[in-house]
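Colleague: I have a chain to go through with you. Can we take it step by step?

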Amino acid sequence: MPNIKPISDLRNYTEVLRDVAVGAPVFLTKNGRGRYAIVDMQDYERTQATLRMMNELAKGRKSGEEKGWLTLETVEEHLGIADE
């Protein structure tokens, strides 16, 4: 269940921060609407890594669609992977 608190609870920020954990962000509302999220640094870094990976995958897909795809054999040959 999401941990949702009004932004006014930040007056006692140590209690709010105590509720933040890996996989358990705290969502803050302003005027009854969701406005902010406080996340654990590990979750933030994981999200950033995921975004970077998705960006690289999108670049690869675009390149494959525009310039053509490589076969597995071509990639293995380029990497010097020999058949056993």
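Modeller: Start with one term: buried means under 20% relative accessible area, and exposed means over 50%. Keep in mind that this is a predicted model.

Colleague: Is K5 buried or exposed?

Modeller: The place of K5 is in strand β1, residues 3-6. Its relative accessible area is 16%. The cut-off for buried is under 20%. So K5 is buried.

Colleague: Which residue forms a salt bridge with K5?

Modeller: Side chains of opposite charge can pair when their charged atoms come close. For K5, the closest N and O atoms of the pair are 2.9 Å apart. The partner of K5 is D19.

Colleague: How many residues apart in sequence are the parts that K5 and D19 tie together?

Modeller: K5 forms a salt bridge with D19. K5 lies in strand β1, and D19 lies in the loop between α1 and β2, so the pair ties together parts of the chain. Their separation in sequence is 14 residues.

Colleague: How many salt bridges does a search of the whole structure find?

Modeller: K5 with D19 is one of them. Another joins the side chains of E56 and K59, at 3.2 Å from N to O. R61 with E65 is also among them, with the closest N and O atoms 2.9 Å apart. The search of the whole structure finds four.

Colleague: Which helix holds both E56 and K59?

Modeller: An α-helix has 3.6 residues a turn, so residues three or four places apart point the same way. E56 and K59 are three residues apart, about one turn. E56 is partly exposed at 48%, and K59 is partly exposed at 47%. The helix that holds both is α2.

Colleague: Are R61 and E65 buried or exposed?

Modeller: R61 and E65 are four residues apart in helix α2, about one helical turn. R61 has 54% relative accessibility, and E65 has 52%. The cut-off for exposed is over 50%. So R61 counts as exposed, and E65 counts as exposed.

Colleague: Which residue gives the backbone nitrogen that the side chain of D43 reaches?

Modeller: D43 is found in helix α2, residues 41-67. At 11% relative accessibility, D43 counts as buried. Leaving aside neighbours within four places in sequence, its contacts include A21 and V22. The backbone nitrogen lies at 2.5 Å and belongs to G23.

Colleague: What is the count of buried residues in helix α3?

Modeller: Helix α3 covers residues 72-79 and is hardly covered. G80 follows α3, with a positive phi near 75 degrees. Among the eight residues of α3, the count of buried residues is zero.

Colleague: What area does the nonpolar surface patch with L17 have?

Modeller: L17 is found in helix α1, residues 13-18. L17 counts as partly exposed, at 44% relative accessibility. The patch is made by I7, L10, Y13, L17 and Y36. Its area is about 440 Å².

Colleague: Last one. What is the radius of gyration of the protein chain?

Modeller: The chain has three helices and three strands. The globule rule gives 12 Å for 84 residues; the value here is well over that, so the chain is more spread out than a compact globule. Its C-alpha atoms fill a box of roughly 65 × 30 × 20 Å along the principal axes. The radius of gyration is 22 Å.

Conventions: Residues are numbered from 1 along each chain as its sequence is written. This is a predicted model: local features need pLDDT of at least 70, side-chain atom pairs count only at pLDDT 80 or more; totals for chains, interfaces and linings use all residues. Side-chain values use heavy atoms; hydrogens and water are left out. Helices (H or I, at least four residues) and strands (E, at least two) are DSSP runs, numbered from the N terminus. Patches are made of residues with over 30% relative accessible area and no salt bridge: like charges are joined within 9 Å, nonpolar side chains (Val, Leu, Ile, Met, Phe, Trp, Tyr) within 5 Å. Accessible areas come from the Shrake-Rupley method with a 1.4 Å probe; for residues, only the protein chains shown count as cover. Buried means under 20% relative accessible area, exposed over 50%, partly exposed in between (1.4 Å probe, protein chains only). A polar contact is a pair of N or O atoms within 3.5 Å; within protein, one must be able to donate a hydrogen and the other to accept it, and residues adjacent in sequence count only if both atoms are side-chain atoms. Contact means heavy atoms within 4.5 Å. The radius of gyration is taken over C-alpha atoms; the globule rule is 2.2 Å times the number of residues to the power 0.38.
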